[in-house]
Amino acid sequence: MSAPSARSAEIRRATLIGLVAVLCWSGTVGLMRSVSEALGALGGAAVLFSVSTAFVLLVRGLPTRAQLRSVSRVYLVACGLLFACYEISLSVAIGLAHGRQQAMELGMINYLWPSLTIVLAVLCRQQAARWWLWPGAALCLWGLGLVMGDGAPAGDAPGWQSLVAHMAANPLAYALAFGAALMWPAYSVLSRVHGGGFNGVGLFLLFTSGLLWAQWLALPTVPMQWSWGVAAQVLAVGGCTALAYSCWEHGIQRGNLAVLAAGSYFTPVLSALWASVWLTVRPGLPFWQGVVLVTLGSLVCWGATRGR
């Protein structure tokens, strides 16, 4: 096999591995919410990421000193902080939601990150795109407005007024969700530039779980209510999280970033379907219209990069 062919095959394999993360992430929002209901927002997140860390370290182990010395400090520090802040923001936001319906809304805010990843890559001149990137991003925002307008009283205009009302009622949760949607694109772009092929997910998960336990010890929290069902859910989410981030890290550093982003655009639909079943929530038509628009807008963003 020639060098270009071998390189193409390597990129395809890395891209397929990265797409496994999409399937894993699709089931996490619903499970994270049910775990947080039993263990608390901070306690549930701390337990989940501790289990994820254990899974990753059992498989990959800790990097050696020689490996760490060869890695960019920007990757270790900046990407590590972004990773930890993203995970804490998303998991705590879902735990702080006022009910399961709002947890699904917060999950949809997080799923703005696929389109924002391409927008950031274009702004950082890592990716060229055509003009319809911007209408695609606008479609995503329109869809988010519909998601937030689900359940608005008859006669009210669903959309940004509903979003403002929801944010006013639970500002911390929505601020964390929007922050997460911005931090993951920044992490993905920086990781690709400065990672150098090094997979630091184990270290980043360890750092994340340590920060969560520190917050859990320092802040007043609700008692954890354990059961066999909760333990099984913790193991399921922990395993899926560990697998997802290990696969995604490999994919974004070695695979086709545009294809990975396109695959991730279907995460909102898959996640909403799974969460509605698992949490026994039946969102209205505006919610599903918004989910479709977020997905469609993300695909338009991806299409704007094709052949560029």
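What share of the 308 residues in the chain is buried? Buried residues account for 51% of them, where buried means under 20% relative accessible area, exposed over 50%, and partly exposed in between (1.4 Å probe, protein chains only). The model is predicted, so local features need pLDDT of at least 70 and side-chain atom pairs count only at pLDDT 80 or more, while totals for chains, interfaces and linings use all residues. Residues are numbered from 1 along each chain as its sequence is written, and side-chain values use heavy atoms, with hydrogens and water left out.

The secondary structure amounts to 15 helices and zero strands; helices (H or I, at least four residues) and strands (E, at least two) are DSSP runs, numbered from the N terminus. With a radius of gyration of 19 Å, close to the 19 Å that the globule rule gives for 308 residues, the chain is as compact as a globular protein of that length. Here the radius is taken over C-alpha atoms, and the rule is 2.2 Å times the number of residues to the power 0.38. The C-alpha trace spans about 65 × 50 × 30 Å along its principal axes. Of the contacts (heavy atoms within 4.5 Å) between residues at least 6 apart in sequence, 88% join residues at least 24 apart.

Thr15 sits in helix α1 (residues 3–26) and is buried, at 8% relative accessible area. Beyond its neighbours within four places in sequence, Thr15 is in contact with Gly255, Asn256, Val259 and Leu260. Asn110 belongs to helix α6 (residues 100–110) and, with 2% relative accessibility, also counts as buried. Residues up to four places away in sequence aside, Asn110 touches Tyr86, Leu90, Ala177, Ala180 and Ala181.

Next come the cysteines. A disulfide is a covalent bond between the sulfur atoms of two cysteines; the rule applied here asks for a pair of cysteine sulfur atoms within 2.5 Å, and the count by this rule is zero. The sulfur of Cys79 lies 12 Å from the closest cysteine sulfur, in Cys85, which is too far for a bond. Cys240 is likewise in no disulfide, the nearest cysteine sulfur, that of Cys24, being 5.0 Å away. Cys79 is buried, with a relative accessible area of 0%, whereas Cys240 is partly exposed, at 29%.
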